[in-house]
Amino acid sequence: EISTLIFGPLLERTLTRLLGTEVSMEEFRFDPLNGHLQIKEFVMMNPPGFTRRPHLRGDLEAWVDMRNLFTPHIHIKSLVMRSGYFLIEKHRVNEDDWNEESRFNIKTWIRHLEGPPSKKLEPVKNKPSPWRVQMDLFTLDHVAFIYDYRTSLTRVKKRYVFQNLKGELKGFKWPTPNPLELTQDVYLEGLIGLSKPAPVWIKGKTNFSSSKVSFDLIGEIHGGAMNEYKHFWADLPVKVSKGDYDLYAKAVCVERKLNWSNDLVIHKMKLKSKRTTRALIWGFPIKAAMSFLESQEKIELKMPVQGDIGDPHLSPAFGKAFRESLNRYTQSGLGMFKEPVKLMAKT
């Protein structure tokens, strides 16, 4: 009871000040004898300027190695997040430019943690930090993750929703002597989508202990709904109304440089025209292109994505790769029907 009445409110105030956003806890308990920590309903709100929603919420439980409590070495044997919710929100302030002032809210909190910039004029030599953070096992148990890309506080441009996430990260150590050495094991499974939640899993080796992020991951999605991703069709005169998809992905990142290969399989797609059917798409009448794509029981597309994971232009790259691949597929298929017409005209 003492830990709840004293340390809980103290920790709330400290985290609120450091992070620059409201932090609250329904219950805080810590046993210094065995290092057992329990926090019920931990809530970290979005900072000012973003929607009034939690950025992070959930029940936390940890076992801390008390032998290093008074040293700059934090050793967490196990950390579990249950019934959690995590939100990443990004928005623009200029309707004509996606990149102007776009930022993830977590970057704001990092700036709060770093404090005001140094006013010293003379350069200071970089000294290795005495702090070490080690986490043997981080576990997610029924966690939801939402990524919102908004043009304003009310209008959502893109949204990805993951539900019932379960998984674990093993072997986290910071700092890392070699950012290229993949020493951490990760596995995650759950559901993606709202209208038709589809099974998704990811596994592989990572190194998240440096700003030069590196990883080697594979993953799959089965039976997702294509009509949940309307932004893929934003620049096209057609939109999808029906169709399921499977996705097979492999992502390799070497010091923030991403090479992401995707095999997308679309089943029984149905389309609608946004404009008159007399308009053209990829040099073909819309009606002809729609009829061809809808006649395909299975459409297989290869969609490679490359770039720096910190580049704002990488965010829409997956949708661009989808449109370009669908373009090649359609041109290749309809080109077979145009060729006999060309030969007859020459004759």
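**Overall view of the predicted model.** Of the 347 residues in the protein, 38% are buried, where buried means under 20% relative accessible area, exposed means over 50%, and partly exposed lies in between (1.4 Å probe, protein chains only). This is a predicted model, in which local features need pLDDT of at least 70 and side-chain atom pairs count only at pLDDT 80 or more, while totals for chains, interfaces and linings use all residues. Residues are numbered from 1 along each chain as its sequence is written, and side-chain values use heavy atoms, with hydrogens and water left out. The secondary structure comprises 4 helices and 16 strands, taken as DSSP runs numbered from the N terminus (helices H or I, at least four residues; strands E, at least two). Among contacts (heavy atoms within 4.5 Å) between residues at least 6 apart in sequence, 59% join residues at least 24 apart.

**Close-up of the largest nonpolar core.** This core has 42 residues, a nonpolar core being a set of buried Ala, Val, Leu, Ile, Met, Phe, Trp, Tyr and Cys residues joined through side-chain atoms within 4.5 Å. The elements that give two or more residues to this core are strands E9 (198–207), E10 (214–225), E11 (238–254), E12 (257–273) and E15 (298–302), together with helices H3 (286–294) and H4 (317–346). The residues with the most contacts inside the core are Trp233, Tyr245, Leu264, Ile266, Met269, Leu301 and Phe322. Leu264, when residues up to four places away in sequence are not counted, touches Tyr245, Asp246, Leu247, Ile299, Glu300, Leu301, Met303 and Phe322.

Asp148 forms a salt bridge with Arg53, their closest N and O atoms being 3.0 Å apart; a salt bridge is a side-chain nitrogen of Lys or Arg within 4 Å of a carboxyl oxygen of Asp or Glu. The two partners are 95 residues apart, with Asp148 in strand E6 (residues 132–150) and Arg53 in the loop between E2 and strand E3 (54–64). Asp148 counts as buried, at 0% relative accessibility. A network of salt bridges links Arg53, Glu89, Asp148 and Arg159, and by the salt-bridge rule the count comes to 16.

In the salt bridge between Glu61 and Arg82, the closest N and O atoms are 2.7 Å apart. Because Glu61 lies in strand E3 and Arg82 in strand E4 (residues 73–91), the pair ties together parts that are 21 residues apart in sequence. Glu61 is buried, with a relative accessible area of 12%, whereas Arg82 is partly exposed at 32%. The side chain of Glu61 is also joined to that of His36 by a polar contact of 2.6 Å, which is a pair of N or O atoms within 3.5 Å, where within protein one must be able to donate a hydrogen and the other to accept it, and residues adjacent in sequence count only if both atoms are side-chain atoms. His36 lies in strand E2 (residues 36–45) and, leaving aside neighbours within four places in sequence, is in contact with Arg29, Phe30, Asp31, Glu61, Ala62 and Trp63.

Val161 lies in strand E7 (residues 156–174) and is buried, with a relative accessible area of 11%. Leaving aside neighbours within four places in sequence, Val161 is in contact with Phe145, Ile146, Leu191, Ile192, Gly193 and Leu194.
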